[in-house]
Amino acid sequence: MSHAPLVSACAAVLRRDLTLAWRRRGDIVMPVLYALIVITLFPFALGPEDALLQRIAGGAVLVTMLLAMLLALDAMFRSDIEDGSLEQLILSPQPLALMLGMKILAHWITTALPLIVIAPLLAGMLHLPTAVMPVLVYALLLSTPLLSLLGAVLVALTAGTRRSGMLLALMLLPLCVPVVIFAAGAVAAAQQGLPWLAPIAWLGAALVMALVLAPLACAAALRIALDA
Amino acid sequence: MTAPDAVAPPLLEARALSFYRQDEPVFGPLDFSLHEGEVALVEGDNGSGKTTLLRILAGLLHIDEGTLTWRGKPWRREEHLGDTLFLGHHLGLKADLTARENLVVAAGLYGTRDGRSVDNVLADIGLAGYEDEPTRRLSAGQKKRAALAGLLLLPATLWLLDEPYANLDRIGIDMVNRLLEQHAAEGGAALVTSHGAVSFLHGEPKRVRMHV
């Protein structure tokens, strides 16, 4: 009659969420298709001028990724609240913040990772030089988990409200400003042949802080949401 | 020195327990005690606060007034997480996972009772042959059974069951009673809600009446 060890609990939550995402593979493809279509619209709207597209490529890809992630964000805890599995998670003898961290990780793997994989393709469509691609990928690898973590806190805060999708976007987008500035700054610097490590390091620092604090904030917010 | 059973404090004791929602009293003051080996029936009309009481005891809601003691000591939510199982209106099953996968996740979080495994628990509960069917495709009664299987699998002293008889056929109702009797015989305790006067429990169970 002993409680489950922490490692097996983390693995159980991570595996459950990844299995659920795999059973609904169609939902994983949606943000990817969305990003593809949005990027395709830019040359139509601005004209197929290489120099112009090249200049906006980094920023356009970053903002598109951000909006694509926003699409899938509000589903992060919704089904768990509706079917009662969040209650069971809160009542389990495990640290809630860590369990929610696993859920956020699973969400990042299923929504952000496919977007990062196609990012070089999208940037290539806008003629971003090949030499800058690694910097774009680094920037995305650091900024997308940051957005997942920030978004998770807001999703947890709006968990009690109905139709929270629009509210969530309005709350998250201002928080994204620094993330976009540093990520786009790194790509722009690399494009001009300037050192790009500093903005990437800032993103890394912000990510470490969010990794520690965001799951704790999520746990507190969800406890309050269920106590109402 | 003294006979241990003569002085054993109740597993759970509530004194003058009250709960308010936006200054409106939901129930209380309520006094009751529950010993190991006891099954108590929480009775009350719709809206009398039965579910609220169970959610408080599970640790999902905070207490507004009154005291709760657990084995004689003040009740603290963190201390008995995992020692209490709560089965509410929402069963906590993932519709896209099979009954077996749902149980494996629960066992990963809560641990497993000695001598029990996912497969023998599913057979005991009458879901043999449906283990690998997504929960979405099970009937309401079968979903209930899949959730009840968790009670057999996970280690816990106190069961808080909100309307466990709902959606079950006669065989299912007998099975819930058998689970409760077995749990009580093993030294566990349970609080079971049921509206109206109908109780399917054998004998004369302890009753906790909710006043409005």
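**Note on the predicted model: core, chain A and the A–B contact**

1. The largest nonpolar core holds 129 residues. Those with the most contacts inside it are A:Val61, A:Met65, A:Met69, A:Leu136, A:Ala139, A:Ala156 and B:Leu160. Helix α7 of chain A (residues 133-157) gives the most to this core, 15 residues. A nonpolar core is a set of buried Ala, Val, Leu, Ile, Met, Phe, Trp, Tyr and Cys residues joined through C-beta atoms within 7 Å. Buried means 20 or more other C-beta atoms within 10 Å of the residue's own, with C-beta atoms placed from the backbone.

2. This is a predicted model: local features need pLDDT of at least 70, side-chain atom pairs count only at pLDDT 80 or more, and totals for chains, interfaces and linings use all residues. Residues are numbered from 1 along each chain as its sequence is written, with chains lettered from A and ligands numbered from 1 in the order in which they are written.

3. A:Ala156 touches A:Phe77, A:Cys218, A:Ala221, A:Leu222 and A:Ala225, leaving aside residues up to four places away in sequence. Contact means C-beta atoms, placed from the backbone, within 7 Å.

4. Chain A has 9 helices and 0 strands; these are DSSP runs (helices H or I, at least four residues; strands E, at least two), numbered from the N terminus. Of its 228 residues, 44% count as buried.

5. The contact between chains takes 26 residues from chain A and 28 residues from chain B. On the side of chain A that touches chain B, the largest share, 8 residues, comes from α1(A).

Notes
Buried ≥ 20, exposed ≤ 12 C-beta atoms within 10 Å, placed from the backbone. Contact = placed C-beta atoms within 7 Å.
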